[in-house]
Amino acid sequence: MRVRAAIKETNAMYLDHPKISATNSGTEPDRLERVNRVYGYALALADAAGDEAFLGKLSHLHDHKGTLIVVWFEEPDDAQKGFFVSAWKSKVGDESSNVEHEVKALGA
């Protein structure tokens with residue numbers, strides 16, 4: 001029984017992912033795909049760094065004409081901001097460092 005409980009606990013999925021949007025996504029659906037790839041890249045960097053708080057802080061990701069806007073529920077640290085800068089600068093992102101961070105508390 002103990003083994004089953006441990007397996008069940010480690011297989012739990014995180015279902016509260018941030019909202020993802022992009023300017024002109026209706027006519028340029030590749031923008032949403034790009035933000036999804038960047039999200040996955042940044043999440044992998046956070047996982048590799050052992051950052052367990054990362055996902056719970058994220059509210060929204062938005063591509064606004066080549067600038068990635070990352071909205072957080074609470075102030076991110078420099079490493080957390082850096083995960084998105086690295087991802088956005090990569091081949092899966094915009095290959096630029098145009099990343100802005102905003103904090104909007106829950107219910108604000």
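In strand β2, the residue L61 is the bridge partner of I20, and β2 (residues 58-64) runs parallel to β1, to which it is joined over four bridges. Two strands are taken to pair if DSSP finds at least two bridges between them, and the strands (E, at least two residues) and helices (H or I, at least four) are DSSP runs numbered from the N terminus. This is a predicted model, in which local features need pLDDT of at least 70 and side-chain atom pairs count only at pLDDT 80 or more, while totals for chains, interfaces and linings use all residues. Residues are numbered from 1 along each chain as its sequence is written, and side-chain values use heavy atoms, with hydrogens and water left out.

**The sheet and the helices on it**

- The open sheet is built from four strands in the order β1-β2-β3-β4, with mixed pairing, and its edge strands, each pairing on one side only, are β1 (19-22) and β4 (99-103).
- From one strand to the next the twist averages 15 degrees.
- Strands of a sheet pair through backbone hydrogen bonds, either parallel or antiparallel.
- Helix α2 (residues 30-48) packs on the sheet, where it touches β1, β2 and β3 (67-72), and its direction makes about 140 degrees with that of β1; contact here means heavy atoms within 4.5 Å.
- Helix α4 (residues 78-89) lies across β2, β3 and β4 and runs at about 155 degrees to β3, where axes are lines fitted to C-alpha atoms, for helices over the stretch in contact, and angles run from 0 to 180 degrees between N-to-C directions.

**The nonpolar core**

- The largest nonpolar core has 18 residues, and those with the most contacts inside it are F54, L58, L61, L68, V70 and F84; such a core is a set of buried Ala, Val, Leu, Ile, Met, Phe, Trp, Tyr and Cys residues joined through side-chain atoms within 4.5 Å.
- At least two residues of this core come from each of α2, α3 (54-57), β2, β3 and α4, and α2 gives the most, with six residues.
- L58, found in strand β2, counts as buried at 2% relative accessibility, since buried means under 20% relative accessible area, exposed over 50%, and partly exposed in between (1.4 Å probe, protein chains only).
- Leaving aside neighbours within four places in sequence, L58 is in contact with P18, Y39, V70, V71, W72, F73 and F84.
- L58 and K19 are 39 residues apart in sequence, and their C-alpha atoms are 8.8 Å apart in space.
- L61, not counting residues up to four places away in sequence, touches P18, K19, I20, S21, V35, Y39, I69, V70 and F84.

**One face of helix α4**

- The buried residues of α4 are Q80, F83, F84, A87 and W88; seen down the axis of α4, they fall within an arc of 120 degrees, so they line one face of the helix, the arc being that of the directions from the helix axis to the C-beta atoms.
- An α-helix has 3.6 residues a turn, so residues three or four places apart point the same way.
- These buried residues of α4 pack against α2, α3, β2, β3 and β4.

**Two loop residues with positive phi**

- N24, placed in the loop between β1 and α2, has a positive phi of about 60 degrees although it is not a glycine, and N24 is partly exposed, with a relative accessible area of 41%.
- E95, which is also not a glycine, has a positive phi of about 60 degrees and sits in the loop between α4 and β4.
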